[in-house]
Amino acid sequence: MEKKKILVTGGAGYIGSHTVVELHEAGYEPVIIDNFSNSKESALDGITAITGQQFRCYRVDCTNAAAMREVFEQEPGLEGVIHFAAYKAVGESVEKPLEYYHNNVGSLVALLQVMREFNVTNLVFSSSCTVYGIPENLPVTEQTPVQKANSPYGNTKKICEEILSDVAQSASTLRSIALRYFNPIGAHPSAKIGELPLGVPNNLVPFITQTAAGIREQLTIFGEDYDTADGTCVRDYVHVVDLAKAHVTAVERLLEAKGDKIEFFNVGTGSGNTVLEAVQAFERATGVKVNYKVGPRRAGDVPKIYADVTKATEVLGFRTNSTLEEAMKSAWDWQLSLQDSVTNV
Ligand code: UD1
């Protein structure tokens with residue numbers, strides 16, 4: 001039987017590359033689009049090392065509808081699209097709001113137009129728990145109200161969800177699933193692919209692994225005066241491979257034409273850990289100490305958020321297959337396997 005072809009925008013990126021591998025494992029044929037603005041071609045080698053396959057990859061910017069159209073012409077019979085391609089640095093988005101709106105919102109609009117032209121009707125969209133802002137009650141369910149975004153980045157995710165909802169209200173045949181990610185961490189167990197931050201990492205786990213590897217001198221924990229068990233922020237850290245698998249089941253659900261025209265799912269583990277607990281989990285899992293100090297709060301940080309994943313569990317069959325320690329260990333194995341870490345400093 002011919003494999004079903006799924007287009008993966010941002011397929012060379014962190015979550016994208018893991019999803020390409022899981023799509024392959026599940027019997028799909030992934031086709032990648034990436035402009036490599038925040039990824040490296042080496043990710044494709046990693047994918048090949050794991051799967052033994054070289055998937056077609058188009059170096060295209062998703063805001064460029066004409067270039068996207070060419071890809072759709074060259075790839076007839078696409079059954080669906082998973083749209084990862086986006087900028088994701090909260091701080092940078094405050095400095096460069098127009099770039100964020102253009103790239104994140106512009107790429108979704110261009111993609112939807114081209115999908116309509118080619119009658120490709122299934123879309124999985126990368127959303128974020130950032131849409132919940134500072135939630136009043138925890139854990140957050142999909143019914144928790146969406147709030148005003150805290151940053152232009154967060155607003156792009158909120159706007160993109162609204163665009164998809166508006167399209168769903170129209171006569172469009174599009175079916176979409178927005179996955180609201182909590183904090184994806186870790187790497188593929190093979191250590192052939194993982195998170196590859198260009199420059200100084202913004203996110204906690206790459207900063208921990210780079211500090212442990214001696215690339216960064218010291219981790220700063222942003223604030224210890226929050227109203228949490230140890231005073232540091234609480235997040236829901238989900239293993240990237242578990243998250244990648246959620247995309248595959250979301251695609252399956254779309255292809256079976258189950259559910260409403262648009263659906264939202266939280267993807268986390270269902271439990272929260274403080275920043276300090278995350279550091280300690282890393283130390284326990286690897287036996288390596290992390291040099292850290294406590295600094296002031298980071299502007300815009302949500303004190304505490306974690307997911308209720310009942311809906312994803314029941315509807316998508318989502319499962320958390322690894323502990324925080326296992327995720328940390330995989331992130332460390334990936335860090336150790338990086339030959340060119342120094343060039344990422
Ligand atoms: C943020 C966004 C999330 C987005 C993600 C993409 C919010 C609330 N969350 O996640 O929507 O998808 O970025 O990158 O806007 N920390 C330190 N020291 C560090 C780095 C982080 O203490 O050097 C702490 C942070 O204060 C936070 C936790 O670690 O409490 C996780 O931070 P990070 O990995 O940056 O993710 P979020 O801010 O949760």
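The sections below treat the ligand site, a group of strands, selected residues and some points of backbone geometry.

The model is predicted, so local features are described only where pLDDT is at least 70 and side-chain atom pairs only at pLDDT 80 or more, whereas totals for chains, interfaces and linings use all residues. Residues are numbered from 1 along each chain as its sequence is written, and side-chain values use heavy atoms, with hydrogens and water left out.

**The ligand site**

Strands here are DSSP runs of E with at least two residues, and helices are runs of H or I with at least four, numbered from the N terminus.

| Side chain (N or O atom) | Distance to a ligand oxygen atom |
|---|---|
| Asn183 | 2.9 Å |
| Asn203 | 3.0 Å |
| Asp301 | 2.5 Å |

Taken alone, the ligand exposes 740 Å², of which the protein buries 91%. Such accessible areas come from the Shrake-Rupley method with a 1.4 Å probe.

Why is strand β4 largely enclosed by the rest of the structure? Five of the six residues of β4 (residues 78–83) are buried, so the rest of the structure largely encloses this strand. Buried means under 20% relative accessible area, exposed means over 50%, and partly exposed lies in between (1.4 Å probe, protein chains only).

Two strands pair if DSSP finds at least two bridges between them. Strand β1 (residues 5–9) pairs with β4 in the parallel sense over five bridges, and Thr9 has His83 in β4 as its bridge partner. Strand β5 (residues 122–128) also pairs with β4 in the parallel sense, over three bridges; here Leu123 in β5 is the bridge partner of Val81.

**Two buried residues**

Val71 belongs to helix α3, residues 65–74, and is buried, with a relative accessible area of 2%. Leaving aside neighbours within four places in sequence, Val71 is in contact (heavy atoms within 4.5 Å) with Leu7, Ile33, Tyr58 and Val60.

Ser322 lies in the loop between α10 (310–316) and α11 (324–337). Ser322 is buried as well, at 19% relative accessible area. Apart from neighbours within four places in sequence, its contacts are His239 and Asp242.

**Backbone geometry**

Which peptide bond is cis? The bond from Leu138 to Pro139 is cis, with omega near -10°, and Pro139 is found in the loop between β5 and α6 (152–169).

Phe36 has a positive phi of about 55° although it is not a glycine. Phe36 is found in the loop between β2 (29–34) and α2 (42–51) and is buried, with a relative accessible area of 12%. Asn119, likewise not a glycine, has a positive phi of about 55°. Asn119 is found in the loop between α5 (97–117) and β5, and counts as exposed at 57% relative accessibility.

Key:
Polar contact = N/O pair within 3.5 Å; in protein donor to acceptor, adjacent residues only side chain to side chain.
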